[in-house]
Amino acid sequence: MLYKIIYLLSLLPFRVLYAISDVLAWIACDLVGYRREVVRGNLSSSFPEKNAKELRSIEKKFYRWLCDYFMETIKLASMSEKKMRKRLKVENIEIINEAVRSGQSVSLYLGHFCNWEWVSSLPLHIDRTAQCAQIYHPLENKSFDRLLYRLRTQFGANNIPMADILQRLVAWKREGVPTVTGYIADQAPGLNIHLFIEFLRHETGVYTGPERISKFLGAKAVYAHMSRPKRGYYTLRFIPISENVKKEKIFRTSHEYFHLLEENIKESPQYWLWSHRRWKRSRAMFNEYHGEKASDMLTHL
């Protein structure tokens with residue numbers, strides 16, 4: 001029933017969906033102030049060089065984009081392959097397909113930037129010898145979990161729970177099947193952190209799981225650079241991070257990913273997920289939690 005409602009809503013033209021988005025943005029930003037303290041705190045601490053007027057401008061644009069993101073994700077339910085190819089322009093895909101055709105797997109690093117949901121359409125552009133996968137955290141609400149699963153897999157991607165990803169990738173590796181796996185790696189990890197990185201003026205605990213998996217696979221690492229030239233249109237361009245993560249110095253791939261993501265965010269800061277409490281776990285909390293073992297934790301990979 002939920003999917004039928006979303007599907008019917010998705011049949012509305014983009015201009016109507018964006019009109020709805022404008023109303024929602026006004027409600028979220030000006031009327032309700034959805035996570036306003038979190039958004040403002042993140043923006044001011046990430047861009048201390050900007051004045052109040054500049055920060056407020058980014059904030060308002062962020063809410064408008066966030067509501068656009070929800071409408072665009074709903075639109076996935078009825079978007080055709082032709083329309084998706086028109087709305088999401090994919091450049092230099094040969095960087096990925098050359099690796100896949102040679103039998104090498106690819107790790108695709110993304111952030112919560114622009115419309116990451118539309119990247120689930122990437123199998124339309126990937127050589128069919130590869131399996132395309134994306135990792136997700138199952139939602140407690142089973143109806144919404146099934147809805148997102150359906151939206152994220154309609155263009156051929158495998159939507160795999162985080163707990164199962166290594167098992168699936170190992171199985172494909174044993175079968176000699178190259179994989180293209182997307183990692184949204186800018187989330188806030190728990191306190192079992194193995195690395196802190198300077199990111200957007202914050203000492204930031206980060207996931208190293210994508211790097212560990214990439215080393216195991218001997219994968220090529222690529223950053224998915226996204227931009228939004230105009231409303232409803234995105235461009236995806238691939239920036240190589242490593243030709244083979246297995247041969248790289250420890251943590252070099254993770255550092256480079258966060259550097260590229262930060263540069264991407266600085267280009268258009270309104271398109272990152274500022275309502276996310278990214279820095280809720282500090283090094284002080286980490287040290288207190290692990291005690292004498294804290295220094296050993298940061299050398300483990």
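This is a predicted model: local features need pLDDT of at least 70, side-chain atom pairs count only at pLDDT 80 or more; totals for chains, interfaces and linings use all residues.
Biologist: Which residues have a positive phi although they are not glycine?

Modeller: Asn-92 has a positive phi of about 35 degrees, and Leu-200 has one of about 55 degrees.

Biologist: Where does each of them lie?

Modeller: Asn-92 is in the loop between β1 (88–90) and α6 (94–101). Leu-200 is in the loop between β6 (196–199) and β7 (202–205).

Biologist: Is Leu-200 buried or exposed?

Modeller: Buried means under 20% relative accessible area. Leu-200 has 2%, so it counts as buried. Asn-92 has 22%, so it is partly exposed.

Biologist: How do I check the length of helix α4?

Modeller: The expected span is 1.5 Å times one less than the number of residues. Helix α4 (residues 52–75) has 24 residues and should therefore span 34 Å; its end C-alpha atoms are 35 Å apart, which agrees.

Biologist: Which residue caps the N-terminal end of α4?

Modeller: That is Asn-51, with a side-chain oxygen 3.1 Å from the backbone nitrogen of Lys-53.

Biologist: How many cavities of 30 Å³ or more does a search of the whole structure find?

Modeller: The search finds one. The largest cavity holds about 40 Å³ of space.

Biologist: What lines the largest cavity?

Modeller: The lining consists of Leu-110, Gly-111, Phe-113, Tyr-223, Ala-224, Met-226 and Asn-264. Strand β8 (residues 220–230) gives the most to this lining, with three residues.

Biologist: How does the lining of the largest cavity divide by class?

Modeller: It has five nonpolar residues, two polar ones and no charged ones. Gly counts as polar here.

Terms used. Residues are numbered from 1 along each chain as its sequence is written. Side-chain values use heavy atoms; hydrogens and water are left out. Helices (H or I, at least four residues) and strands (E, at least two) are DSSP runs, numbered from the N terminus. Buried means under 20% relative accessible area, exposed over 50%, partly exposed in between (1.4 Å probe, protein chains only). A polar contact is a pair of N or O atoms within 3.5 Å; within protein, one must be able to donate a hydrogen and the other to accept it, and residues adjacent in sequence count only if both atoms are side-chain atoms. On a 1 Å grid over the protein atoms alone, a cavity is a set of points where a 1.4 Å probe fits but cannot get out, and a pocket is an open set with protein on both sides within 12 Å along at least five of seven lines; lining residues have an atom within 4 Å of a point. Grid points are joined across faces, edges and corners, and a volume is the space filled by probe spheres set on the points.
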